[in-house]
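I opened this notebook to record what I looked up in one model. The entries follow the order in which I consulted the coordinates.

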Amino acid sequence: MQVVEHAAHAPLTLGTGYEASLARKAEVAFSVEPEKPGGSVSYSGLFSFTVETAGDYTVALGAAAWIDVLEDGKVLEPLKFGHGPECTTIRKMVTFAMKPGVHVLQVAGNGADKMKLMVARAS
């Protein structure tokens, strides 16, 4: 598992798991305000990733934070929601249809300043 710190659009590699460091909500400049941004003591982060091939991709988190994926500056509608397998630390999985290009992952409203995350092509 790689470590990535919140930064303005810290880059992620598809299929790689990360231990992400998040910042206080007040320190994060969201591209689009999340529907559920969390309270003033919550943690958030902005990340980016590149999709080479159009298809369905899943964002997996080790926490129940809010997820937005932006494509061309607009929030994508999720295709499905789920939880990880019982034997894993995956708490939340959200799948989106994406076209090729750079995408922004906004994570908001987390209760801790660290979380596990991964973006991968849906199987």
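Where is S42 found? I located S42 in the loop between strand 4 and strand 5; strands here are DSSP E runs of at least two residues, and helices are H or I runs of at least four, numbered from the N terminus.

I noted the basis of the entries: the model is predicted, local features need pLDDT of at least 70, side-chain atom pairs count only at pLDDT 80 or more, and totals for chains, interfaces and linings use all residues. Residues are numbered from 1 along each chain as its sequence is written, and side-chain values use heavy atoms, with hydrogens and water left out.

Is S42 buried or exposed? I recorded S42 as buried because its relative accessibility is 7%; buried means under 20% relative accessible area, exposed over 50%, and partly exposed in between, with a 1.4 Å probe and protein chains only. The side chain of S42 reaches the backbone oxygen of G39 at 2.7 Å. Leaving aside neighbours within four places in sequence, I listed A23, R24, K25, P37, G109 and N110 as contacts of S42, a contact being heavy atoms within 4.5 Å.

I then turned to A26, which lies in the loop between strand 4 (23–24) and strand 5 (43–51). A26 has 78% relative accessibility and therefore counts as exposed.

I found L79 in the loop between strand 8 (74–75) and strand 9. For L79 and T95, 16 residues apart along the chain, the C-alpha separation is 5.5 Å. Not counting residues up to four places away in sequence, L79 touches D56, T95, F96 and A97.

D72 lies in the loop between strand 7 and strand 8. I noted its positive phi of about 55°, although D72 is not a glycine. D72 counts as exposed because its relative accessibility is 56%.

**Entry: pockets**

I took a pocket to be an open set of points on a 1 Å grid over the protein atoms alone where a 1.4 Å probe fits, with protein on both sides within 12 Å along at least five of seven lines; lining residues have an atom within 4 Å of a point.

How much space lies in the largest pocket? I recorded about 240 Å³, a volume being the space filled by probe spheres set on the points, which are joined across faces, edges and corners. Its lining has 15 residues, of which T58, K80, M93, T95 and A122 lie nearest the centre. Strand 6 (55–61), strand 9 (80–82), strand 10 (92–98) and strand 12 (114–121) each supply at least two lining residues.

The second largest pocket holds about 150 Å³. Among the residues lining it are E35, W66, D68, K92 and F96. Strand 7 (66–71) and strand 10 each supply at least two residues of this lining.

**Entry: nonpolar cores**

I defined a nonpolar core as a set of buried Ala, Val, Leu, Ile, Met, Phe, Trp, Tyr and Cys residues joined through side-chain atoms within 4.5 Å. The largest has 25 residues, of which F47, V69, L105, M115 and L117 touch the most other members. Strand 5 gives the largest share of this core, four residues. Apart from it lies another core of five residues, including A23, F30, L46 and A108.

How values were computed: Polar contact = N/O pair within 3.5 Å; in protein donor to acceptor, adjacent residues only side chain to side chain.
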